[in-house]
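Reader: I have a model open and some terms to sort out. Can you take my questions one at a time?

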Amino acid sequence: QVQLVESGGGLVQAGASLRVSCAASGRTFSTYAMGWFRQAPGKEREFVAAISWSGSITYYADSVKDRFTISRDNKNTGYLQMNTLKPEDTAVYYCAAKDAYFNRDAIYTRPAQYPYWGQGTQVTVSS
């Protein structure tokens, strides 16, 4: 079992930057692929970014490409750096993890592929 806790959300103005973090505990996180998703009110949860457990493969939704950067450290924390934020980025941001021990470069983009989820952190971007 892996427990995930997001932090770092908040209220910012359009054009600002924000970094959200995902702290993992419970098991060795180093062989887990990780993803970030978001859900705005009245909308379905959507994919934002993913990273392999090797850290060498990343993938982004078109809506955040060139503005957001996903990363992870060598311990138990993942990050989503968000630059040039827009009001349409307003949502609850969730991190998710999946054991990918046998495939160090695998990434996953669908919510159903991830068995472990955090509770979410609110990001609000004002215009």
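Author: Start with Cys95: at 0% relative accessibility, Cys95 counts as buried. This is a predicted model, where local features need pLDDT of at least 70, side-chain atom pairs count only at pLDDT 80 or more, and totals for chains, interfaces and linings use all residues. Residues are numbered from 1 along each chain as its sequence is written, and side-chain values use heavy atoms, with hydrogens and water left out.

Reader: Why is Cys95 called buried?

Author: Buried means under 20% relative accessible area, exposed over 50%, partly exposed in between (1.4 Å probe, protein chains only). Cys95 has 0%, so Cys95 is buried. Cys22 also has a relative accessible area of 0%, so Cys22 is buried.

Reader: How do you know that a disulfide joins Cys22 to Cys95?

Author: A disulfide is a pair of cysteine sulfur atoms within 2.5 Å. The sulfur atoms of Cys22 and Cys95 are 2.1 Å apart, so the pair is a disulfide. The pair links distant parts of the chain: Cys22 lies in strand β3 and Cys95 in strand β9, 73 residues apart. Strands are DSSP runs (E, at least two residues), numbered from the N terminus. The link of Cys22 and Cys95 is right-handed, with 60 degrees about the S-S bond. A search of the whole structure finds one disulfide.

Reader: Why is Glu46 called partly exposed?

Author: Its relative accessible area is 36%. Glu46 sits in strand β5.

Reader: What makes the link between the side chains of Glu46 and Arg38 a polar contact?

Author: A polar contact is a pair of N or O atoms within 3.5 Å; within protein, one must be able to donate a hydrogen and the other to accept it, and residues adjacent in sequence count only if both atoms are side-chain atoms. The side chains of Glu46 and Arg38 are joined at 2.6 Å, so the distance passes.

Reader: What makes β7 and β8 a pair?

Author: Two strands pair if DSSP finds at least two bridges between them. β7 and β8 have five, so they pair. They run antiparallel and form a hairpin with four residues between them. Ile70 stands opposite Leu80 in β8. Along β7, Phe68, Ile70 and Arg72 point to one face and are buried.
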